[in-house]
Amino acid sequence: MSNTTVIVVVVVVLVLLGVGLALVARQRGARREHLQERFGGEYDRTVEDAGSRRRAESELAAREQRRASLQIVALAPGRAEHFRAAWTSTQAQFVEQPKEAVRDADRLVGRLMAERGYPTGDFDQQAADLSVDHADVLDHYREAHRIGSDADEATTEELRQAMVHYRYLVDRLLEESASVADDEAQAQQRSDSVERGAETVREGRAERMGQDRLDGPDGPAQEIRAIRPDGGATAVPVVDHRDERDAAHTRQDDVVDLRDPLEAQRDPER
């Protein structure tokens, strides 16, 4: 192998290596931008906790994959109203029993998440699952849970703040459920509209096909088959009124031809 050939091979390898590295860097940049946009402040918090941007991004990507495997559903209107009423009652309870109200709020959020399809039981995992779709209210959830976990030692003001933090999450979960329900209702309406349009087209097509069977290219049909209530079929003659009209014209022509030719000339209008 000549020196020129070796140089060419080395240059090609270096170019391909450079292109590969550029593609990898571009993919990493796009991935980082996506994660930063989706997780917001949770991205920076995860980087700080992980101690490495790469480890943090791997963790956030794993959260997305886990979230994709969950069957998160919208609440039925009746269930959404039930949770709204329960939250209103919990807030009212705060006036007389602030500590118990905060504990009830935490339990209410757990039930709401479970009914939406989020796994419950471990707070850290719950927070991680919520971060994918609701990163902007995650700090509220963490702070409310922190205060609620030590409600006996919390001041009334801290308990009040916990209720405010919980309200952000409750409102978000119920609003999202209502939005999903609206989207599903609109999709159903579009589907019904398409089905009605298709039915209209089918009816029109059937009507045209029926007319074609009665009056085909070879002349009018002699009979059609009518379906009886017992499922059988009966041949029904088809009356072609055009034949009657043609016969009438023929008889009129015969009358003219049978008249006296001289009389017909004297009174052409008769």
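In which helix is Gln 36 found? Gln 36 is found in helix α1, which covers residues 3-39, where helices (H or I, at least four residues) and strands (E, at least two) are DSSP runs numbered from the N terminus. The structure is a predicted model, in which local features need pLDDT of at least 70 and side-chain atom pairs count only at pLDDT 80 or more, whereas totals for chains, interfaces and linings use all residues. Residues are numbered from 1 along each chain as its sequence is written, and side-chain values use heavy atoms, with hydrogens and water left out.

**Overall make-up**

- The secondary structure of the chain comes to ten helices and four strands, and along the sequence these follow the pattern α-α-α-α-α-α-α-α-β-β-β-β-α-α.
- Of the 270 residues of the chain, 26% count as buried, where buried means under 20% relative accessible area, exposed means over 50%, and partly exposed lies in between (1.4 Å probe, protein chains only).
- Contact means heavy atoms within 4.5 Å, and among contacts between residues at least 6 apart in sequence, 55% join residues at least 24 apart.

**Helix α2 against helix α3**

- The axes of helix α2 (residues 41-50) and helix α3 (residues 53-69) come within 8 Å and cross at roughly 125°; such axes are lines fitted to C-alpha atoms, for helices over the stretch in contact, and the angles run from 0 to 180 degrees between N-to-C directions.
- α2 and α3 are therefore oblique to each other, given that angles under 35 degrees count as roughly parallel, over 145 as roughly antiparallel, 65 to 115 as roughly perpendicular and the rest as oblique.
- α2 passes α3 in a right-handed crossing, a crossing being right-handed if the near helix is turned clockwise from the far one by less than a right angle, and left-handed if anticlockwise.
- On the α2 side the contact is made by Glu 42, Tyr 43, Thr 46, Val 47 and Ala 50, and on the α3 side by Arg 53, Arg 55, Ala 56, Glu 57, Glu 59, Leu 60 and Arg 63.
- By class, the contact of α2 with α3 has five nonpolar, one polar and six charged residues, with Ala, Val, Leu, Ile, Met, Phe, Trp, Tyr, Cys and Pro counted as nonpolar, Asp, Glu, Lys and Arg as charged, and the others, Gly among them, as polar.

**Helix α4 against helix α5**

- The axes of helix α4 (residues 77-93) and helix α5 (residues 98-116) come within 8 Å and cross at roughly 165°, and α4 and α5 are therefore roughly antiparallel to each other.
- α4 passes α5 in a left-handed crossing, and among the residues that make the contact are Phe 83 and Trp 87 of α4 together with Leu 108 and Leu 112 of α5.
- The residues of the contact of α4 with α5 divide into eight nonpolar, two polar and five charged.

**Individual residues**

- Gln 36 counts as partly exposed, at 35% relative accessibility, and, not counting residues up to four places away in sequence, Gln 36 touches Tyr 43 and Arg 53.
- Val 132 lies in helix α6 and is buried, with a relative accessible area of 3%; not counting residues up to four places away in sequence, Val 132 touches Arg 38, Phe 39, Arg 63, Glu 64 and Arg 67.
- Arg 66, found in helix α3, counts as partly exposed at 31% relative accessibility, and Arg 66 and Asp 129 are 63 residues apart in sequence and 7.6 Å apart in space, C-alpha to C-alpha.
- Arg 116 lies in helix α5 and counts as buried, at 1% relative accessibility.
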